[in-house]
Amino acid sequence: MTDPVTGLLEAERTAVRPIVCLHPTPGAADWFDQQHEDLDVIAWETPGDLALDATDPGSVDRWVEGAVTAVTSRGEGPVHVLATGAAAYGAIVLASRHPELVVSLLLGDPELAHAAGAETERADLLRSIVAPTLVIASAPDPGHGTADAQALAGGIDNGVFVIIDGCRVPAHRERGSSFNEWVSSFTIIAEGLMALAPQRQEDINA
């Protein structure tokens, strides 16, 4: 017999919008087998000519245009966007430029380019994000740096930061069950916030 709470969570998870998993390079989708199975994510098979280089604005522009096509191809409206590593920066740019397409951002072990002067530009970019954002970071030992993940979560108004202790990078493979539970719970919360938004707007206009 299914536990009532478990059954409710499963019902809610099947009711939420799709999760589209974006990748920086071709072949990276193969690293998300557990997410494909547990979360039923939709993997973007990144074309070879769209490999993401976060230090090259032209590369970012092309990658984001390709990601927009991946997100809108199902014709089901906005989706949850999952991205890890180098793809996290591209996903943030996508959410900034196309907020109407993103219900929530789900970022794992993000990697950021640290070019001179990039911090100010990145701060402006993060302030422009309106989607609820979950940032998950691996911490294999107390000395492991999580600065990139903390910077992202701290710079986004609706950012939530989670550390998985004793977990090697990447968290989505090393602790897939924990990673997936955080993602699943967060998407349900984001769906609830999205559902409340029209009512709040009506209250403001009343």
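## An aromatic pair

A search of the whole structure, a predicted model, turns up one aromatic pair. The partners are Trp44 and Trp63. Their geometry is edge-to-face. The ring centres sit 5.4 Å apart, and the planes make an angle of 70 degrees. Planes over 60 degrees apart count as edge-to-face.

Trp44 belongs to the loop between β2 (42–43) and α3 (57–72), while Trp63 lies in helix α3 itself, so the pair ties together parts that are 19 residues apart in sequence. Trp44 and Trp63 are both buried.

## How α3 meets α4

Two packed helices are described by the angle between their axes and the distance between the axes. Helix α4 covers residues 87–97. The axes of α3 and α4 come within 9 Å. They cross at roughly 70 degrees. Angles of 65 to 115 degrees count as roughly perpendicular, and α3 and α4 are therefore roughly perpendicular to each other.

Which residues of α3 and α4 make the contact? On the α3 side they are Val60, Asp61, Trp63, Val64, Ala67, Val68 and Val71. On the α4 side they are Ala87, Tyr89, Gly90, Ala91, Val93, Leu94 and Arg97.

## The setting of α4

Helix α4 is largely enclosed by the rest of the structure, because nine of its 11 residues are buried. The buried residues of α4 are Ala87, Ala88, Tyr89, Gly90, Ala91, Ile92, Val93, Leu94 and Ala95.

What covers these buried residues of α4? The cover includes the strands β1 (19–22), β3 (79–84) and β4 (102–108). It also includes the helices α3, α5 (118–127) and α6 (147–155).

## The chain as a whole

The chain has eight helices and six strands. Along the sequence they follow the pattern α-β-α-β-α-β-α-β-α-β-α-β-α-α.

Of the 206 residues, 45% count as buried. The accessible surface of the chain comes to about 10,400 Å². Carbon and sulfur atoms account for 53% of that surface. Among contacts between residues at least 6 apart in sequence, 69% join residues at least 24 apart.

Notes: Residues numbered from 1 in each chain as written. Predicted model: local features only at pLDDT ≥ 70, side-chain atom pairs only at ≥ 80, totals over all residues. Heavy atoms only, no water. Helix = DSSP H or I, 4+ residues; strand = E, 2+ residues; numbered from the N terminus. Buried < 20%, exposed > 50% of the residue type's maximum accessible area, 1.4 Å probe, protein only. Contact = heavy atoms within 4.5 Å. Areas by Shrake-Rupley, 256 points an atom, 1.4 Å probe, with all protein chains shown as cover. Phe/Tyr/Trp six-rings, centres within 6.5 Å; stacked < 30°, edge-to-face > 60°. Axes fitted to C-alpha atoms, helices over the stretch in contact; angles between N-to-C directions. Parallel < 35°, antiparallel > 145°, perpendicular 65-115°, else oblique.
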